[in-house]
Amino acid sequence: ALARASFRHLGQCAFELACVSQIDRRVDRLIDWPAEDRRVLENALARGRGVVFVTGHVGNWELMARRVALAGFPAQTIARETSDAGTTSMVARFRESGGVRTIWRGQDGAARQMLRALKAGEILGLVIDQDTAVQSVFVPFFGKLAATPRAPADLVLRTGAALIAGFCQRKTDGTYVLSMREVPVEPSDDRERDVLRLTDALSREIEGAIRRAPEQWVWMHQRWRTRPP
């Protein structure tokens, strides 16, 4: 039942993205952004050091980025290029049409672009709930160690940016609601321990979002493929 519901949800997301121009015209009604959650982002941006915004493949992450950018917040996202250049270009155009710029992590200068975005006080979005070929650390995910990208932790520790976890999850009436929470950074004199602690905290935020709506996660991904030495 959960497998069927998960594929049904992804199908709905695909149709929503295909009809995104209509969604843009009614974005305030279709994607609720409670005032208290909006203030989380506004307060973090007001410090002037940028925001590392972390989410997972939960709900509709593309609509979340679009909702934030259309509200006037400067947003960039980190993504991996697809195996097809045409598809990569299509994805970039789709995001740009909603005000979201994409930094392709495999391209030269990607790291400098990330740092420039934070220095300019912008939002830098990362999705970290998949086992991919990037620098990772092992933290628990649903009770089992999972290789999890460490980039968000490294970025906030290096730059002093704020760290926020957020999600865009479908409600029973078919509309969405945004939720955002700032994760305290509190650096110590042990960088690796801080990276593990922050990555673990972010992983627990994603796990919590999945528990709220388990059918809205991409269960078909091999999340625990890489094992600890």
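1. **The main core.** The largest nonpolar core has 35 residues, and Val52, Leu124, Val156, Leu163 and Leu198 are the members that touch the most others. By nonpolar core I mean buried Ala, Val, Leu, Ile, Met, Phe, Trp, Tyr and Cys residues joined through side-chain atoms within 4.5 Å. Buried stands for under 20% relative accessible area, exposed for over 50%, and partly exposed for anything in between (1.4 Å probe, protein chains only). At least two residues of this core come from each of strand E2 (51-55), helix H7 (110-119), strand E5 (123-127), strand E6 (136-141), helix H8 (151-159), strand E8 (162-170) and helix H9 (191-212). H9 gives the most, with seven residues. Helices (H or I, at least four residues) and strands (E, at least two) are DSSP runs, numbered from the N terminus.

2. **What you're looking at.** This is a predicted model: local features need pLDDT of at least 70 and side-chain atom pairs count only at pLDDT 80 or more, while totals for chains, interfaces and linings use all residues. Residues are numbered from 1 along each chain as its sequence is written, and side-chain values use heavy atoms, with hydrogens and water left out.

3. Not counting residues up to four places away in sequence, Leu163 touches Val52, Val54, Pro152, Val156, Arg181, Glu182, Val183, Val185, Leu198 and Leu202. Contact here is heavy atoms within 4.5 Å. There's also a second, separate core of 26 residues, with Val20, Ile123, Cys168 and Tyr176 among them. As background, nonpolar side chains tend to be buried together in soluble globular proteins.

4. **The sheet.** Seven strands make an open sheet with mixed pairing, in the order E1-E9-E8-E2-E5-E3-E4. The edges are E1 and strand E4 (100-104), each pairing on one side only. Two strands pair if DSSP finds at least two bridges between them; E2 and E8 have four and run in the parallel sense.

5. **Leu41.** This residue is in helix H4 (residues 35-46) and counts as buried because its relative accessibility is 0%. Leaving aside neighbours within four places in sequence, Leu41 is in contact with Trp33, Val51, Phe53, Val68, Phe73, Ile123, Ile164 and Met180. Leu17, 24 residues apart from Leu41 in sequence, is 24 Å apart from it in space, C-alpha to C-alpha.

6. **Trp33 and Phe73.** The whole structure has six aromatic pairs. Rings of Phe, Tyr and Trp (its six-membered ring) pair if their centres lie within 6.5 Å; planes under 30 degrees apart are stacked, over 60 edge-to-face, and the rest tilted. Trp33 and Phe73 form a tilted pair, 5.6 Å centre to centre with 55° between the planes. Trp33 is in the loop between strand E1 (31-32) and H4, and Phe73 in the loop between helix H5 (61-70) and strand E3 (75-79), so the pair links parts of the chain 40 residues apart. Both Trp33 and Phe73 are buried.

7. **The other aromatics.** Phe142 and Trp219 are a tilted pair because their ring centres are 6.2 Å apart and their planes at 40°. Phe142 lies in the loop between E6 and strand E7 (144-149) and Trp219 in the segment after H9, so this pair ties together parts 77 residues apart in sequence. Phe142 is partly exposed at 26% relative accessible area, and Trp219 is partly exposed at 34%. Phe141, Phe142, Trp217, Trp219 and Trp224 form one aromatic cluster.

8. **Charges over rings.** The charged end of Arg38 sits over the ring of Trp33, 5.0 Å from its centre. Arg66 lies over the face of Phe94, at 4.8 Å from the ring centre. The criterion is NZ of Lys or CZ of Arg within 6 Å of the ring centre and within 35 degrees of the ring normal.

9. **Cysteines.** The search finds zero disulfides, a disulfide being a pair of cysteine sulfur atoms within 2.5 Å. Cys13 is buried at 7% relative accessibility, whereas Cys19 is partly exposed at 35%.

10. **Glu16.** Glu16, in helix H1 (residues 2-18), is buried, with a relative accessible area of 14%. Leaving aside neighbours within four places in sequence, Glu16 is in contact with Ile23, Asn60, Leu63, Arg170 and Tyr176.
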